[in-house]
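Let's take a friendly walk through a protein model together. Please have the sequence and the 3D view ready, and turn the view as you read.

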Amino acid sequence: MLQSHDDIQKLYIGVLGRPADLFGMNYWKQADLTLVQMADNFVQNANFGSMPLEQRIDTIYQNFFGRQVDFGGLQYWSGVIHQGKISLGGMLVSMMGVSGSGVDQANVSNKLFAANTFLAHIDTTSESIAY
């Protein structure tokens, strides 16, 4: 179940708000997990996982789209997560598909391009360690 480079970058962007590091990218590329299982691992991150659910949803919106979650979106996602219909990682994967407005799609595409460009230039061990 190897995941794509872009999907892993989107997990880093959505949860951590930054590009993947080389070691992390290589680790997750080899992980025998579905994308949702991988996303569930990301949202369990010590810093991210300790926030209230509504704050984590808003952080994902901020990191992907550069804007706060709207009231309707917050109500929808927090409701389906509390009801057990989807995990927070499942929500993250859904957001990665960007079915929203053209501005949201452009923001995710631009952040993905920047993250991939950045990672492509971190190509030595010393640069990876420094990052």
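A search through the whole of this predicted model turns up 6 aromatic pairs. A pair of aromatic rings is described by the distance of the centres and the angle of the planes. Take Trp28 and Phe42 as an example: their ring centres are 5.0 Å apart and their planes stand at 40 degrees, so this pair counts as tilted. Now look at where the two partners sit.

Another aromatic pair is formed by Tyr61 and Phe65, with 5.4 Å from centre to centre and 75 degrees between the planes, which is edge-to-face. Both residues lie in helix H5, 4 residues apart, or about one turn of the helix. An α-helix has 3.6 residues a turn, so residues three or four places apart point the same way. Tyr61 and Phe65 are both buried. Before moving on, return to Trp28 and Phe42 for a moment: ring pairs link them with Tyr12 and Tyr27 into a cluster.

Start with H5 (residues 53-65) and helix H6 (residues 71-82), whose axes come within 10 Å and cross at roughly 125 degrees. The two helices are therefore oblique to each other, and their crossing is right-handed. Which residues make this contact? On the H5 side they are Leu53, Glu54, Ile57 and Tyr61, and on the H6 side Gly73, Leu74, Trp77, Ser78, Ile81 and His82. Sorted by class, the contact has 6 nonpolar, 3 polar and 1 charged residues.

H5 also meets helix H8 (residues 102-120), and here the axes come within 7 Å and cross at roughly 75 degrees. That angle makes H5 roughly perpendicular to H8. Gln62, Asn63, Phe64 and Phe65 of H5 touch Asp104, Asn107, Val108 and Lys111 of H8. This contact has 3 nonpolar, 3 polar and 2 charged residues.

Next, find helix H7 (residues 88-96). How many of its residues are buried? The count is 7 of 9, and the helix is mostly covered. The buried residues are Leu88, Gly89, Gly90, Met91, Leu92, Met95 and Met96. Their cover includes helix H1 (5-16), H3, helix H4 (46-49), H5 and H6.

Finally, let us visit two single residues. Gln9 is found in helix H1, and this residue is buried, with a relative accessible area of 0%. What is Gln9 in contact with, leaving aside its neighbours within four places in sequence? The list is Pro19, Ala20, Met25, Leu112, Ala115, Asn116 and Leu119. Phe23 lies in helix H2 and is partly exposed, with a relative accessible area of 47%. Along the chain, Phe23 and His121 are 98 residues apart, while their C-alpha atoms are separated by 14 Å.

Note on methods. Residues numbered from 1 in each chain as written. Predicted model: local features only at pLDDT ≥ 70, side-chain atom pairs only at ≥ 80, totals over all residues. Heavy atoms only, no water. Axes fitted to C-alpha atoms, helices over the stretch in contact; angles between N-to-C directions. Parallel < 35°, antiparallel > 145°, perpendicular 65-115°, else oblique. Left-handed = near helix turned anticlockwise from the far one by under 90°. Contact = heavy atoms within 4.5 Å. Nonpolar A, V, L, I, M, F, W, Y, C, P; charged D, E, K, R; others polar. Phe/Tyr/Trp six-rings, centres within 6.5 Å; stacked < 30°, edge-to-face > 60°. Buried < 20%, exposed > 50% of the residue type's maximum accessible area, 1.4 Å probe, protein only.
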